[in-house]
Amino acid sequence: MGGEKDTKMPSASSAHYPQLAVRPVGKQITSIYQDRLRQFVDGGQYSGVNLVARLDDARVSGSPNVKLHVWSAPGLERPTFKEATSKDNEFKKTSIGESFGPSWSTHWFELRFTVPKGWKSKRQVELHWDSQGEAMVWTKDGKPLQGLTGRGERTEWILKDEYREVGKEHTIYIEMACNSMFGNAPGGDTIQPPDPNKYYTLVECDLVSVNVDARALYYDFWIIGDAAREFPDDSWEQHKALQICNEIMDCFIAGEGSNDCIRECRKIAQRYLGDKIDSAEVYANKQPVLVDGIGNCHIDSCWLWPWAETKRKVARSWSTQCDMLDRYPEYRFVASQAQQFQWLEQLYPYAFDRVKSHVKEGTFQPIGGSWVEHDTNMPSGESLVRQFLYGQRYFESRFGQRCRTFWLPDTFGYSPQIPQICRLAGMNRFLTNKLSWNNINNFPHTTFNWVSLDGSQVICHMPPSETYTAQAHFGDVKRSESQHKSMDQDATSLLVYGKGDGGGGPTFEMLEKLRRCRGVSDTVGRLPRVHLGNSVEDFFDRLEKKEATGETELVTWYGELYFEFHRGTYTTQADNKKNNRKSEVLLHDLEYLATLVTLKGVKGYKYPKKQIDKMWEGVLLCQFHDCLPGSSIEMCYDDSAEIYADIFETGGHLIKEALKALGYGDKGEPSTLNTLSWERSSPATLEAASKPHATVRQISDSEFTLENDAFQISVEDGAITSLYDKRAHREVVPKGSRANQLVLFDDKPLYWQAWDVEVYHLRSRKELKASSTTITDHGPDKVSVTSLTEISDKSWVKTTLSLSASSSGSPIIETTAEVEWHETMKFLKVEFPVAITNTEASYETQFGIVKRPTHYNTSWDMAKFEVCCHKWADLSEHGYGVSVLNDSKYGFATAGHVMRLSLLRAPKAPDAHADMKTHHIRWAILPHDGALDERTVRAGYEFNYPPLHVKAHPQPQELASLLSAFKFTPDSSPSLVVDTVKRGEDDEDVHPGDSSGAMLAKRGRHVIVRVYESLGGRGRGTIRLDGVKATKAWKCNVLEDELEELEVGKAGLRVELRAFEVATYKLRVG
């Protein structure tokens, strides 16, 4: 056994293998055959003989088939269709080759065209329009149809049947905007300040008969060619792709590019792609899918263009996407930002109706739940709540549904309270992408549970393709697997594709490419299977079910999602940031006072809900993630300044009306009205009782001593060289150090000027020495010294350091600064070295505190060399600490024992004049014995929410009980803060009562009280309801849905909150 030989001849093969070699055959040189592929589809020297030359069957331009006339709008006006097509406007003959401008101007074209008689049987006829900038196609009766991009991108408009009748002249209008998708930057650097005198040339206005088979082959070849280039060189799939591509090219050459050979080439391509790629049927395969493709159109509400242009971008982009949804049944498109829907509804009702129709079909999917895609670092906690309140209410009122996923792909860091606020707004999913831009550490997760300060969690997904504007390339699909960081828990992901930032959204070629990518997966394999037709909610539903059933356990990330990039946005455009905070304070006071008036029952007074809504919508709009951070062009800040001016004017008037309704008049002794939820100390009362005083002495030309019963301060050359706490018997400033010291840094980031400050800027630190100091307040109520510091021959700072007569509260050392700022790429800060040791500093964030390292032990620690804070930052050790308060500043850093408040930057792009003006800035030092506690929290509020100056009420007893309402009783946890008092959104007595599509009014009157626990521990307390007839109470979410009924006690409403919880209470009042 095993040794026998089979002497029989082998059986003959069915195929004849020749005995003699016919010719030599060499091994293909892969790199050469790969490089050859570009010859087939490039527009270079071979474009006359390759596939590009066959993409059109025929093309006509100019008379008699295309007749063109233009009317140019005056100045920089953006007229409506009705205004533009008025009979009063003269349309003049024009043609290809003419240029139009300047930047931001608008030109309306009347286009009359006739399809040639020989084109009756053509499969697809398009108008190709390229004016090198954005444009919109309109019907002759004023319906917006589709946007056009220009510069060779999205230049086609497909003629539907009503425009295909041969021999008949048809008319459309094209609205041309003199800006590209990314504004009007000079040259190729898009973030440079816009050139006001750019002109755009009409380079194409043709009727084109499309060779449908050649266009399809173009995308066949594109994807197979990508496989030949991007699959591993040692894989059979890569080698087969390369052979298929070369075989297609050989077939095309042999057939001389005829239509027959093109069809034959497509048959060759099907060996790699399958035979279902020309329709949605390609997705019918029920094989497991790893990647869900979701079309989106990220439109920055302002950035390199003003608000007014964004409104047109929305109409152009979404009209285009409605057309895409009509053409591709598998396509699903998401759009966020209720503000943009509102703009479309108000300005483009036909386009809005198209959107509503597709929303009803489930193909156009509103998402995000917020008013805009906002910054989450700097808005107050209440602003974050209102982003969702106004956003969700809009989506529910217009489309009958609330959003379940918070969609925020492009903002510059994420507050640790976002998960909690999302859950309170009806959302438990979150999608973002921006952390993939980190320039120091690589964020370690793709899909995970993100946990808030209070323990609330949302499922977070960061698409592994690491972009929210994927071009639907082969590589985008491939990276959805290769860059996925959470494979251990779940391998699925979203591919978010579409032209974005400047709008546009997916193109038809993206849909074609994705069909072919799916064909590769099903026919050859190796590429992760992509699917179109599911929604974002379908994706998260699967994740949620797996998590809920225990099939998977997602990893957790606690606290903020700190963005290791764009740290300069905490400081750039200082006035804009100041306006934001002042608006938030104004609205807080207005809602509180207006609520009190309605509870008092003043006849003829109506809660100004309509005006308040308009004010909030303006604030929320200006919190867009390129506006509030300071990364937009100068025109945007002209726009936001107008919005804020209107808010301040309206709010000031409404507060006066409310005060008048409460009985405050123009006569009487000066007094103040406190709008915060605790009693402020009254310096006047305390002074009368205890006669505290402050003194100041000049020691030399540059040395001064300021003193009260709490502190003794030595000032030399404008800086504090000693701050002695008399109560704690300790020195606050380390020996040899200088606190309240102005410092200047060179500030040249790697690229993104308005956005970034890099760690190396710290190496350029320069102390600024005051040239003079004088006493400006001599006491006894307050003492002050004022120092003048020259920065350069163009810039200076005048600081006034003040010490008030002490009180029983928390005494502070306050500085006011007037800054004349005209620098180039410099960063002004003020430093506070303190004799405190701790490896962590505390910073106020929305509804809580975030702790960050004061050291650079790891790259993760060092990355936080500049961070965001709200009203205060604190460095404390056991038994003692120092807080730094600010008014409308957000950038901060604590390195070792040095605390550093960021004041002003001087970037030159995209706004060449950012912050070049006079600034007025306030900050204060608050030393305190013991740990960080409610004293700092309250001092931060009091520093930013000044009492209202009024004349003494003629009958104060009338208001005494009402003014004590909505404050915590003395035995309540001092960490509890009443942050907001307002009326119920749908109360019948405050409802706007218009037909704007708002939510319906509901019977009854309600007061909403929003409370949070501020220090990180369980808080119990009683909200006083003196003078308020509350018949029922509920704990509710931020959308004011009732969750749990509570009992109203004699002392008020008893509440209990977990650490850093945000709780909203609804009170039914008589």
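## Terms and basis

Contact here means heavy atoms within 4.5 Å, and helices (H or I, at least four residues) are DSSP runs numbered from the N terminus. The model is predicted, so that local features need pLDDT of at least 70 and side-chain atom pairs count only at pLDDT 80 or more, while totals for chains, interfaces and linings use all residues. Residues are numbered from 1 along each chain as its sequence is written, and side-chain values use heavy atoms, with hydrogens and water left out.

## Helices 7 and 9

In helix 7, the residues W318, S319, C322, D323, L325 and D326 meet A351, R354, V355 and H358 of helix 9. By class, this contact of helix 7 with helix 9 has five nonpolar, two polar and three charged residues (Ala, Val, Leu, Ile, Met, Phe, Trp, Tyr, Cys and Pro count as nonpolar, Asp, Glu, Lys and Arg as charged, and the others, Gly among them, as polar).

Helix 7 (residues 307-327) packs against helix 9 (residues 349-361) at an angle of about 40°, their axes being 10 Å apart; axes are lines fitted to C-alpha atoms, for helices over the stretch in contact, and angles run from 0 to 180 degrees between N-to-C directions. Helix 7 and helix 9 are therefore oblique to each other, given that angles under 35 degrees count as roughly parallel, over 145 as roughly antiparallel, 65 to 115 as roughly perpendicular and the rest as oblique.

## Helices 16 and 17

Helix 16 (residues 609-622) and helix 17 (residues 634-661) pack with their axes 10 Å apart and at an angle of about 150°, which makes helix 16 roughly antiparallel to helix 17. The residues of the contact of helix 16 with helix 17 divide into eight nonpolar, five polar and two charged.

## Cysteines

A search of the whole structure finds zero disulfides, a disulfide being a pair of cysteine sulfur atoms within 2.5 Å. C517 is in no disulfide, and the nearest cysteine sulfur, that of C245, is 13 Å away. The sulfur of C627 is 4.4 Å from the closest cysteine sulfur, in C302, which is too far for a bond.

C517 counts as buried because its relative accessibility is 0%, and C627, also at 0% relative accessibility, counts as buried (buried means under 20% relative accessible area, exposed over 50%, partly exposed in between, with a 1.4 Å probe and protein chains only).

## Arginine 38

R38 lies in helix 2 (residues 38-41) and, at 43% relative accessibility, counts as partly exposed. The C-alpha atoms of R38 and R529 are separated by 26 Å, the two residues being 491 residues apart along the chain.

Note on methods: Helix = DSSP H or I, 4+ residues; strand = E, 2+ residues; numbered from the N terminus.
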